[in-house]
Amino acid sequence: MTARIGWFTTARGPGSRGMYEAVAGAVAAGEIDAEFACVFTNRDPGEDEVTDGFFELVRSYGHPLVTRSSVRYRRSVGGKLSRPGEPLPAWREHFDALVAEDLEAHPFDVGMMAGYMLIFTAGFVRSHPILNQHPALPDGPRGTWREVIRALIRGDAAESGVMLHLAIPEVDEGPVVAYCRYPLHSATLDPLWAELARGGGADGLDDAALEATPLFAAIREEGMRYEPPLVLATLAEFGTGELRVEGARVVDSRGASRQPADLTHAVLARAESTGR
């Protein structure tokens, strides 16, 4: 069973580009039984130099590229910016409806958000199976990656992880599909923990100061090492039919609800084999 992937990204920087390259390369090499149904970006050609470079990369792989600028659409209708903690403005529903129309010619079995900087509206995720990534374990901190790392440091956490969950109307509440673990104390990180302690520890630092520490940067880099291998390992299970989405459920090949898969072993093997 070849899994058809819908890829969603704003393509703002090297992280999202690297994620796409890792998966596209694995697909091209036949390492996972999958193909790209489409790559969708909420920016148009000519809108951003970095994203334009990403478009060239997508074309080089021959993957169907679909674009629609959320910024240009918002400005055309006089819409308000979205604000954290507030309901999405009305224009977002209209925008996602247009995106759904754009994608009708590119059906996919599973969508992957990789640096997509919008929250999908309820109507869109009800009709499209989308996976979202979160830089923590299932029982770990919530919030943005910055908030997660600050919480890990302030809590002197022993480990963290990366997980993929199914996007549902309740943001970040969807069932966890797969995850992996990694230690936060190691030969590389322990000296940075000690350096922070010598400076008085995290308690005396505000958010900005904590984010400027070498430990914060090192944890971010460590977490990013495992993001592409987790996505690859998870998509590989979709390709074999071991995972699929039915409505708001993730099920196995028999149609039974699937418990979150701890793919740490597979992720570590992929990370080591690629040198990441």
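1. Contact here means heavy atoms within 4.5 Å. The model is a predicted one. By that criterion, and leaving aside residues up to four places away in sequence, Trp7 touches Met19, Tyr20, Val23, Phe36, Cys38, Val39, Phe40, Met112, Ala114 and Val231.

2. Trp7 belongs to the largest nonpolar core, which has 60 residues. Tyr20, Val23 and Ile153 join Trp7 as the residues with the most contacts inside that core. Helix 9 gives the most to this core, contributing 12 residues. Another core, of 19 residues, lies apart from it and includes Trp91, Phe108, Tyr116 and Ala167. As background, nonpolar side chains in soluble globular proteins tend to be buried together.

3. Helix 6 spans residues 145-154, and its buried residues are Val148, Ile149, Arg150, Leu152 and Ile153. Just after helix 6, Asp156 takes a positive phi of about 50°.

4. How do helix 6 and helix 9 cross, and at what angle? The axis of helix 6 and that of helix 9 (residues 214-240) come within 10 Å and cross at roughly 120°. Angles of 65 to 115 degrees count as roughly perpendicular and those over 145 as roughly antiparallel, and the two helices are therefore oblique to each other. The crossing of helix 6 past helix 9 is right-handed. On the helix 6 side, Trp145, Arg146, Ile149, Arg150 and Ile153 make the contact; on the helix 9 side, Leu215, Phe216, Ile219 and Arg220 do. The residues of this contact divide into 6 nonpolar, no polar and 3 charged.

5. Helix 3 supplies Ser70, Tyr73, Arg74 and Val77 to the contact, while helix 4 supplies Trp91, His94, Phe95 and Leu98. The residues here divide into 5 nonpolar, 2 polar and 1 charged.

6. Two residues link these points. Ile153 is among the residues with the most contacts inside the largest core and also takes part in the contact of helix 6 with helix 9. Trp91 is one of the residues of the 19-residue core and also part of the contact of helix 3 with helix 4.

How values were computed
Residues are numbered from 1 along each chain as its sequence is written. This is a predicted model: local features need pLDDT of at least 70, side-chain atom pairs count only at pLDDT 80 or more; totals for chains, interfaces and linings use all residues. Side-chain values use heavy atoms; hydrogens and water are left out. Axes are lines fitted to C-alpha atoms, for helices over the stretch in contact, and angles run from 0 to 180 degrees between N-to-C directions. Helices (H or I, at least four residues) and strands (E, at least two) are DSSP runs, numbered from the N terminus. Angles under 35 degrees count as roughly parallel, over 145 as roughly antiparallel, 65 to 115 as roughly perpendicular and the rest as oblique. A crossing is left-handed if the near helix is turned anticlockwise from the far one by less than a right angle, and right-handed if clockwise. Ala, Val, Leu, Ile, Met, Phe, Trp, Tyr, Cys and Pro count as nonpolar, Asp, Glu, Lys and Arg as charged, and the others, Gly among them, as polar. A nonpolar core is a set of buried Ala, Val, Leu, Ile, Met, Phe, Trp, Tyr and Cys residues joined through side-chain atoms within 4.5 Å. Buried means under 20% relative accessible area, exposed over 50%, partly exposed in between (1.4 Å probe, protein chains only).
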